Amino acid sequence: MTTVADEGRPSGRAETMGVWFAVKETLRKPQFWFGFTMILPLLIWYWIFSFGPIIQAFRMSTVAYKLLDPGNSPFVGLGNFIKISQHPLFWVSVKNTILWAVYSFVFHLPLAMLIAVCLSKVKRGRNVYQALIFVPVVVSLVAVSLLFKMLMDPEVGQLNKLFSSVGLPELQWLSSSSSALPTAVVIATWKGLGFFVVILTAGMLNIPSELYDAGLVDGTNPWQQFWLITMPLMSHTILLVTVLLAIGSLQEFTLPTVLFGSEGGPGNSTFLYNLLVYQEAFLDIRFGTATAASLFQFAFILTISILQIKLLRPSWTY
């Protein structure tokens, strides 16, 4: 029995014919083939260097990978995941990586927000100030790490000489297990702060000035304007910054490796998760467990990012 609603609705065959007709019409257009030709090299690039290796990683994590004979690598299922979780430094690396991420948020966000607020109030020369703050971002990370390693050397470092010249006690910047990790995060903060300052400043400059004028009419002071106008309207930008900061800090590798070596000293206090992956893959030549560790990291970072988006994403826009 056909209802009135069914009479006005096209049949499944008609819908399929309509889709095929639209596809044929699209394939006849030269704009489609021009766009496809332009994007094809990019798709090939991503397949070879991104998507393909990711798919291969899932297979490698389930086999005892043999570097010289990959085809005969025996299947071990979840054995690599169990083995890496039982590594004596697994939980040490997890704890240090989470500490690094927490320190990064504590150091980066308030300082970047403060500088961005100051820059948003500057009327002349703002671009010059932004360029100067952004300079460390484009400097080689290895060069920055070596520079600070020299400056903070406990015996010949210039910082301790400066402290002793003014009567202050010399500090074990990078040679003490209690100060090595926070000191390294401070260096990373100096290196990457300009990136987040530029993003936050752009977000603040995008807020309509009429809202601040209305706040002045209502008698709000600068502190109230910041909390009642700037922070709510910066929600989308702050979400972007927190996600990028979390992804970057949870994958830190170069700076602690240059400063402390692949052992993560002193006393494993700077042994981060990526150092564990590096040791498994390139020192112990266990690519199966290294891949399993990388997938653990991928799942953790993906979960953190989704939680950040769910918890911090505002349900409005302007």
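The legends below describe close-up views of a predicted model. Local features need pLDDT of at least 70 and side-chain atom pairs count only at pLDDT 80 or more, while totals for chains, interfaces and linings use all residues. Residues are numbered from 1 along each chain as its sequence is written, and side-chain values use heavy atoms, with hydrogens and water left out.

**View A. Phe 148 and Trp 190 form an aromatic pair.**
The structure holds 20 aromatic pairs (rings of Phe, Tyr and Trp, the last by its six-membered ring, with centres within 6.5 Å; planes under 30 degrees apart are stacked, over 60 edge-to-face, the rest tilted). In this one the ring centres are 5.4 Å apart and the planes stand at 65°, so the pair is edge-to-face. Phe 148 belongs to helix α7 (residues 141-151) and Trp 190 to helix α9 (residues 180-205), 42 residues apart. Helices are DSSP runs (H or I, at least four residues), numbered from the N terminus. Phe 148 has 15% relative accessibility and counts as buried, whereas Trp 190, at 43%, is partly exposed (buried is under 20% relative accessible area, exposed over 50%, partly exposed in between, with a 1.4 Å probe and protein chains only).

**View B. Phe 226 and Trp 227 form an edge-to-face pair.**
Their ring centres lie 5.4 Å apart, with planes at 80°. Phe 226 is buried at 17% relative accessibility, and Trp 227 is partly exposed at 46%.

**View C. The largest nonpolar core has 19 residues.**
Such a core is a set of buried Ala, Val, Leu, Ile, Met, Phe, Trp, Tyr and Cys residues joined through side-chain atoms within 4.5 Å. Ala 112, Met 113, Leu 200, Ile 207 and Met 234 have the most contacts inside it. At least two residues each come from α5 (90-121), α9, α11 (222-233) and α12 (235-249); α9 gives the most, with six. Beyond its neighbours within four places in sequence, Met 113 is in contact (heavy atoms within 4.5 Å) with Leu 200, Met 204, Phe 226, Met 231 and Ile 238.

**View D. Ser 269 sits in the loop between α13 (254-260) and α14 (273-283).**
Ser 269 is buried, with a relative accessible area of 10%. Its side chain reaches the backbone oxygen of Pro 266 at 2.7 Å. Leaving out residues up to four places away in sequence, Ser 269 touches Asn 96, Ser 177, Ala 180, Leu 181 and Gly 264.

Conventions:
A polar contact is a pair of N or O atoms within 3.5 Å; within protein, one must be able to donate a hydrogen and the other to accept it, and residues adjacent in sequence count only if both atoms are side-chain atoms.
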